[in-house]
Amino acid sequence: VAPELEPGKRIPELRVTPDRYLPYRYAGASGDFNPIHLDPDVAREAGLPGTVLHGLYCVGLIARATVDAAGGDPRALRRMRLQFRAMAFPEQEIVIAGSVQDVGEAGARIEVHADQRERALVGKAEVELELGGDRSS
Amino acid sequence: MTERMQEGAPERLPPPPSTDTEPLPPSVPRRVEPDPTKTGKWYRPYEYEVSREKVREYAKVIGDDNLLYFDRDAARAAGFRDIVAPPTFAVIYSVSAIRKAIFDPELQIDMTRLVHGGQEFDWFEPVCVGDVIATALQVGDIYQKGDLWFVVFETVSTNQEDQKVLDAKWTWIIRGT
């Protein structure tokens, strides 16, 4: 049963601290071996303090948090829109939060935030969740 | 050299620039920039067969222990054909199509200056283990804003029954210097 999502309500926060080897596992899973995620020397040459997380890893966390908010059924997640704002780093906590903007017949529209040390990783991030439909087949 | 001579410049080599901020002499080719005339280009669809182990691997990487991504019985009990993939598994079955376009020499994308600018997903039919997902890609837009170039890829993914599973928009930014 999907929990009640009402306008103004916040979804449960998801807090994750990716370990230093997470980018290697994400690269293996996704096939994205861009060295700025894996090689500290290359990352520094690109002007970064060290290796950075894959942006789409954070998108995966946002999807995870919002599916959980909808009660755990992945079919609830209908739409996602976001812009990347800042690079995220391993070994620093990422906080995914969100608040319900409005609820209609189609579902709930949720504004999502992903932050690391008070830095916004994404902007204009929005998901739409379909709620309570009978999906038995 | 030829251009300089046509402009009436004296026939001698320009001195090498002493700092990065000095304008480059006209004989040095400009940095590669994306080619906006390639907007609308289509790429043939890539097929991806969804396997249980890959779904499990992806779900573990994003730390998601939802039983529907691991347990066949639980997934079937919830009405899926088989173990279901997390929604953002989209990035896994789309990766070949994206890579093909990003590395397409015709688009002239400088990988060293590439950053992911934005992402849009619209999900339709769920993707389950055993599905064969075909992802077609079209270059949606190529435009410049200030010294940034934006390249937008639009993908459509369908399953083996021709049901749409995903519309996605991938916005890439190619930074200036």
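The model is predicted, so local features need pLDDT of at least 70 and side-chain atom pairs count only at pLDDT 80 or more, while totals for chains, interfaces and linings use all residues. Residues are numbered from 1 along each chain as written, chains are lettered from A in the order written, and side-chain values use heavy atoms, with hydrogens and water left out.

I start with strand E2 of chain B, residues 114-123. Helices (H or I, at least four residues) and strands (E, at least two) are DSSP runs numbered from the N terminus. Eight of the ten residues of E2(B) are buried, so this strand is largely enclosed by the rest of the structure. Buried means under 20% relative accessible area, exposed over 50%, and partly exposed in between, with a 1.4 Å probe and protein chains only.

Which strands pair with E2(B)? Two strands pair if DSSP finds at least two bridges between them. E2(A) pairs with E2(B) in the antiparallel sense, over five bridges; there, A:Met80 has B:Phe121 as its bridge partner. Strand E5 of chain B, residues 164-174, also runs antiparallel to E2(B), and nine bridges join them. In that pairing, B:His116 is partnered with B:Trp172.

On a 1 Å grid over the protein atoms alone, a cavity is a set of points where a 1.4 Å probe fits but cannot get out; a pocket is an open set with protein on both sides within 12 Å along at least five of seven lines; lining residues have an atom within 4 Å of a point. Points are joined across faces, edges and corners, and a volume is the space filled by probe spheres set on them.

There is one cavity of 30 Å³ or more. Its lining has 17 residues, and the closest to its centre are B:Pro87, B:Trp123, B:Glu125, B:Pro126 and B:Val127. The largest cavity has a volume of about 150 Å³. Strand E2 (77-84) of chain A and helix H4 (90-93) of chain B each supply at least two residues of its lining.

The second largest pocket holds about 200 Å³ of space. Among the residues lining this pocket are A:Arg20, A:Tyr21, A:Tyr24 and A:Glu91.

Last, the cysteines. How many disulfides are there over all chains? The count is zero, taking a disulfide as a pair of cysteine sulfur atoms within 2.5 Å. A:Cys58 counts as buried, because its relative accessibility is 4%. B:Cys128 is buried too, at 1%.
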